[in-house]
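Please read the following briefing alongside the sequence and the coordinates.

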Amino acid sequence: MTQAREPLTDPVAMRALAHPARLAILNRLQVEGPATATEVAEVVGVTPSAASYHLRMLAKYGFAEDAPARGDGRERLWRSGPRGVAVSPDPDDRPEVRAAKDLLIKAVRDQAADEVARALDNFDRESREWREASVFTRTVLLVDAEELKELNNRIDDLLAPYRVTRRDRSEAPVGARVSEAQVNLFPRAERRPHGLPRDSGLPDDGR
């Protein structure tokens, strides 16, 4: 979801972006191109006035900007801005920065989970071609930190030419659709044993 993948560090900008409607609006602009407040409002499910407010907030922090006018130029047109969205926690983050990062990451992950849920709900209505091309996997790895970093770089390089913000639609093959890749690479946190639950269903022996 980015053109320039410079890590975000401004807590105010991250908190401004960590709003479901703003993330949805930004996604709409990146996927389908410039739009008016009314057009994004219809997609996101907010009023045009609310969409205008969210667009101004996105523009304030560089996530959206004015686009060249169309037609008679009476309506204000917006497009995604030059600022990309890349967030990664750092041990040296100040508390307010880390809190803002956590908030934005959770908002993005919630949006990603919603996309998966919608895809699964619609899966049986897809053609056999698209069903066979879709993958929902979870793979447990055994790697060191350098290998995990290298794996991320290789995946990023593999996906880069296909990014919707980068690929020229006129050069995409016939039948190309907006699709999504979700990648999470992280070391598993230790699972602490819960302990054995007390079985309250056993008869009371009186002790």
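The points below go from the overall fold to single residues.

This is a predicted model, in which local features need pLDDT of at least 70, side-chain atom pairs count only at pLDDT 80 or more, and totals for chains, interfaces and linings use all residues. Residues are numbered from 1 along each chain as its sequence is written, and side-chain values use heavy atoms, with hydrogens and water left out.

**Fold and overall dimensions**

- The protein chain contains seven helices and two strands, where helices (H or I, at least four residues) and strands (E, at least two) are DSSP runs numbered from the N terminus.
- Read from the N terminus on, these elements follow the order α-α-α-α-β-β-α-α-α.
- The radius of gyration, taken over C-alpha atoms, is 22 Å for the protein chain, well over the 17 Å that the globule rule gives for 207 residues, so the chain is more spread out than a compact globule; the rule itself is 2.2 Å times the number of residues to the power 0.38.
- Along its principal axes, the C-alpha trace of the protein chain spans about 85 × 45 × 40 Å.

**Surface and contacts**

- Of the 207 residues in the protein chain, 24% are buried, with buried meaning under 20% relative accessible area, exposed over 50%, and partly exposed in between (1.4 Å probe, protein chains only).
- The protein chain exposes about 15,300 Å², of which carbon and sulfur atoms supply 51%; accessible areas come from the Shrake-Rupley method with a 1.4 Å probe, and for residues only the protein chains shown count as cover.
- Among contacts (heavy atoms within 4.5 Å) in the protein chain with a separation of 6 or more, 61% join residues 24 or more positions apart.

**Nonpolar core**

- A nonpolar core is a set of buried Ala, Val, Leu, Ile, Met, Phe, Trp, Tyr and Cys residues joined through side-chain atoms within 4.5 Å, and the largest one here has 27 residues, with L17, L29, V40, L55, F63 and L104 having the most contacts inside it.
- At least two residues of this core come from each of α1 (11–17), α2 (20–32), α3 (37–44), α4 (48–60) and α5.
- Leaving aside residues up to four places away in sequence, L55 touches I25, L29, A37, V40, A64 and W78.

**Aromatic rings**

- The structure holds one aromatic pair, and because the rings of F123 and F136 have their centres 6.2 Å apart and their planes at 75°, this pair is edge-to-face.
- Rings of Phe, Tyr and Trp (its six-membered ring) pair if their centres lie within 6.5 Å, and planes under 30 degrees apart count as stacked, over 60 as edge-to-face and the rest as tilted.
- The pair links distant parts of the chain, 13 residues apart, with F123 in the loop between α5 (95–122) and α6 (128–133) and F136 in the loop between α6 and α7 (145–159).
- F123 is partly exposed at 23% relative accessible area, and F136 is also partly exposed, at 44%.
- The charged end of R177 sits over the ring of W130, 4.7 Å from its centre, a relation that requires NZ of Lys or CZ of Arg within 6 Å of the ring centre and within 35 degrees of the ring normal.

**Individual residues**

- T36, in the loop between α2 and α3, is buried at 4% relative accessibility, and T36 touches R70, E75, R76 and L77 when residues up to four places away in sequence are not counted.
- P20 lies in helix α2 and is exposed, at 63% relative accessibility.
- P187, in the segment after α7, is exposed with a relative accessible area of 67%.
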